[in-house]
Amino acid sequence: MRSHRVVLLSALLLIVAAPAWGRVFLQWTEPGIPLVTQIGVRDLVVPWNPGSVGLMNAARNLGYRVFAGVRPTDAATAASVAASNGLAGIIVESESGAPWSNATRELIEKLRRTYPKLVVLEPGSQGKQPQIRGNMVVSKDGVLVVSSPTEQPWIDSNVALARFVSALQPNEPPLLSFSWDLIDPLERRLGPQAADYALAVAEAGAMRADLILPVHPNLQKALADGNQAARREWERLKTYMHFYSAGNMPAGHPCADIAVVADNYDEAYEAMNLMARHNILFTVLRPSDVTLQRLMHLQMAIVFSRPEEQGLRALQAFASQAGTVVLVRLQGRFPWGVLSSTKTEAGKTYNVDRGRVVELSEPVADPEAFAELVRNLLGSRGSLVRLWNALTVLVFAFREPHTNSMELELVNYAQQPQRVQVRVKGVFSKVRYETPEHGNYSEVRPENNGEYTEFVLPDLQIGGRVYLSSEKEKNK
Amino acid sequence: MRWNRGCTGRTILQFLLLGVAQTQVSAQTNQLVYRKEYAMGTVFEIAAYNSSPSLASRAIGKAFAEVIRLDHMMSDYDPGSDLSRINSTAHYRAELVPADLYRIIQQSLVYSKLSTGKFDITVGPLSRVWKEEIRGGNAPSAEQIKELQKCIGWQKVVLVPPDRVELRSSCMALDLGAIGKGYAVDQVVAVLRSFGIKNALINAGGSTIYAMGAPPGLPAWLVHLHDPTRKRGPAVSLRDNSVSTSEQTRNPQAGSAPFGHIIDPVKGIPVTTPYSVSVVADSATESDALSTTLLLMGPERGRALVRNLPNVSAVWISSHGSSEMVSHGPRISLNHPADSIH
């Protein structure tokens with residue numbers, strides 16, 4: 001199957017209707033609040049405490065939609081106060097590491113029933129500040145450093161979290177939240193750089209997620225005091241928020257090469273995180289959601305949690321149509337168990353008609369090696385999108401419904417301008433590139449190389465979007 | 001606040017705020033300031049102790065701007081870099097180059113001579129074709145390698161003082177990957193010193209580290225060294241000197257064919273070696289250049305070279321567990337606990 005079917009099937013197999021996304025909630029703690037027109041964002045999250053009601057009311061009077069950020073233990077009280085004070089809603093912080101604990105979900109459902117006019121949201125789980133991570137370990141005791149061969153930059157991203165949450169709540173965009181990871185006392189006092197804010201907005205927007213953006217108290221004060229430098233930088237950040245707002249984004253649906261079948265976030269997290277790091281495009285399916293139709297347009301399924309019998313049969317049918325199924329230490333009998341297999345060090349491989357099922361006997365001990373294994377199983381020509389000269393760039397692909405058009409969202413975590421070489425599966429004659437800083441670029445020339453289209457993006461600083469279409473499509 | 005991290009570090013707003021912060025912390029001494037920046041394909045990190053964190057922060061901003069400037073000059077990916085320019089125009093023609101580029105080529109030739117050609121920045125044409133293999137392409141054929149070897153040779157690089165370079169081969173291309181980060185780290189040290197910073201650790205992607213002074217209350221910076229066996233626990237105490245580590249890229253296919261980014265210019269193929277090499281030297285340029293050189297030379301020939309170099313120490317640790325050490329400078333210790341922080 002694969003490439004020639006991708007276009008047709010993906011249009012038919014859209015998982016959900018595209019929700020609104022790219023919404024930024026500013027987390028605000030300081031008493032001074034600038035006007036909505038200056039900030040350009042209407043949604044404020046104010047951390048809940050008995051003394052914050054005054055701040056919430058002041059923000060509401062300025063025209064903000066105010067949400068109380070609450071712990072699950074305070075949620076019932078906060079919801080009651082929010083409803084009686086005309087707040088827009090409450091955002092319930094997750095207290096467990098894994099997204100969507102049952103207890104929190106039940107609480108949220110109960111609050112939604114009790115206060116039907118109140119918006120009740122949950123970020124799923126605390127995410128990470130998007131950034132390039134260094135190799136030094138700076139602690140209160142000093143600096144630990146290891147001399148090594150040149151390390152590839154490590155990216156802290158929220159891709160795994162966003163993908164997992166999307167599987168759990170397919171009808172809503174994931175809501176990301178994080179705290180700033182500020183290392184030294186000066187940085188903690190001054191707050192993050194403007195580019196760090198922009199990167200957080202770009203990452204969430206590129207994944208079609210909503211974001212709770214913590215605004216550092218220093219910046220809050222500077223904006224409220226009318227500091228001109230702060231205002232200028234905020235205006236530039238607004239171009240990012242505008243670029244990634246729902247109204248300015250294409251309505252494509254995410255596409256992937258791989259389905260990760262998992263219902264336990266912790267079990268699958270490291271593997272998902274490393275696949276994200278290697279720009280392996282994946283989607284997450286709950287075991288109960290595994291059907292042949294959901295797998296059809298993919299190259300591979302990596303199964304961490306055992307589906308029911310119907311799901312297993314769907315996996316076998318997927319493999320028989322040239323798909324690759326990798327089972328990570330799953331016990332029990334499987335429908336393909338009657339077929340002949342080859343034993344390897346890692347487990348067993350079954351040839352299932354045109355495809356294969358690989359049963360790994362051990363859990364993923366080395367996620368880096370696992371990501372490499374996945375890359376090898378996909379094959380050098382198997383990926384939907386490949387990047388070169390882009391060690392710090394993550395890419396997300398979307399396909400326009402009912403058309404042959406695609407969009408790519410690229411995020412450069414290094415925040416340094418880069419010239420990125422891109423190869424996309426499919427033949428496209430027109431490539432349009434735009435960034436928040438630059439707007440539209442006049443020309444990006446595609447080169448068709450067999451079933452692929454290659455091009456070079458001249459300058460990717462933090463975020464960029466590529467529109468791919470064909471002449472045929474354009475003339476429709 | 002900054003948008004382009006490469007330009008000036010923190011911009012106006014942060015300087016406004018720094019003024020407030022400075023008065024708040026002036027009574028405190030030796031605060032740690034840590035910053036990181038992506039450059040030269042990896043992450044540069046600087047941790048500096050100073051009584052004025054705002055001064056340290058400004059110094060680090062200037063230092064990173066210097067690294068970005070050098071990256072734009074020495075990059076072989078960037079078609080607009082000075083290096084790319086001479087790689088396409090300096091064949092049989094003495095081309096004007098920036099002072100830094102002239103200096104780094106000059107220093108490279110010293111190591112080429114010292115190592116009788118094992119260290120060679122003219123390996124560019126071979127590096128390019130072997131990089132394709134790392135990206136998933138095919139390895140070059142024996143004929144292709146033979147042809148490309150005609151393009152290389154450090155003796156064909158002619159320096160025309162004070163600022164011109166000529167390449168006496170029509171297909172020669174310079175690759176500064178084995179020395180560029182070290183040179184950049186030395187320039188960072190110079191910038192930090194010009195701001196009065198005395199105690200700092202500069203880390204260029206893990207492979208080259210320079211220690212200025214020492215952390216407060218300690219005699220030196222402790223740096224752990226890469227250990228492929230994870231059993232030897234090598235470490236070195238640095239104070240106003242540098243350590244660099246080199247190791248060949250691992251082949252994910254686990255094949256026996258030549259593979260990797262460190263090319264033996266004499267043989268024209270990636271070096272196959274079980275060793276990881278760490279070298280301690282007075283400057284980062286020296287440690288960076290020597291770590292690649294000693295990886296290519298191996299312990300036997302490498303030890304002979306190190307014996308003639310003042311203040312240089314080196315350790316080869318093989319993936320099989322053996323180690324070889326030679327020291328004319330700071331002592332590299334083994335069996336250091338892996339998780340210790342000074």
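Helices (H or I, at least four residues) and strands (E, at least two) are DSSP runs, numbered from the N terminus. The model shown in these views is predicted: local features need pLDDT of at least 70, side-chain atom pairs count only at pLDDT 80 or more, and totals for chains, interfaces and linings use all residues. Residues are numbered from 1 along each chain as its sequence is written, while chains are lettered from A and ligands numbered from 1 in the order in which they are written.

View 1. Most peptide bonds are trans. E4(B) and E5(B) make a hairpin, with three residues between them. B:Val160 has B:Arg164 in E5(B) as its bridge partner.

**View 2. An open sheet of three strands in chain B.** The order is E3-E5-E4, and the pairing is antiparallel (two strands pair if DSSP finds at least two bridges between them). Strand E3 (95-96) and strand E4 (157-160) of chain B each have a single partner strand, so each stands at an edge with one side left without a neighbour in the sheet. Helix H4 (residues 99-114) of chain B packs on the sheet and touches E4 and E5 of chain B; contact here is two residues with C-beta atoms, placed from the backbone, within 7 Å. The direction of H4 makes about 130° with that of E4(B) (axes are lines fitted to C-alpha atoms, for helices over the stretch in contact, and angles run from 0 to 180 degrees between N-to-C directions). E4(B) is joined by four bridges to strand E5 (residues 164-167) of chain B.

**View 3. A:Leu219 in helix H9 of chain A.** This helix covers residues 217-224. Is A:Leu219 buried or exposed? A:Leu219 is buried, because 24 C-beta neighbours lie inside 10 Å; the cut-offs are 20 or more other C-beta atoms within 10 Å for buried, 12 or fewer for exposed, and in between for partly exposed, with C-beta atoms placed from the backbone. Neighbours within four places in sequence aside, A:Leu219 is in contact with A:Gly191 and A:Ala230. A:Trp234 is 15 residues from A:Leu219 along the chain, and their C-alpha atoms are separated by 9.4 Å.

View 4. Most residues other than glycine have a negative phi. A:His402 is exposed, since 10 other C-beta atoms are within 10 Å. With 15 C-beta neighbours inside 10 Å, B:Asn30 is partly exposed.

**View 5. Chain B and the predictor's confidence.** The mean pLDDT of chain B is 86, and 87% of the residues score at least 70 (pLDDT is the predictor's confidence in each residue, from 0 to 100). Over residues 1-27 of chain B the pLDDT is below 50, and this stretch has 57 contacts in the model beyond near neighbours in sequence. For the complex, the predictor gives an ipTM of 0.84 and a pTM of 0.88.
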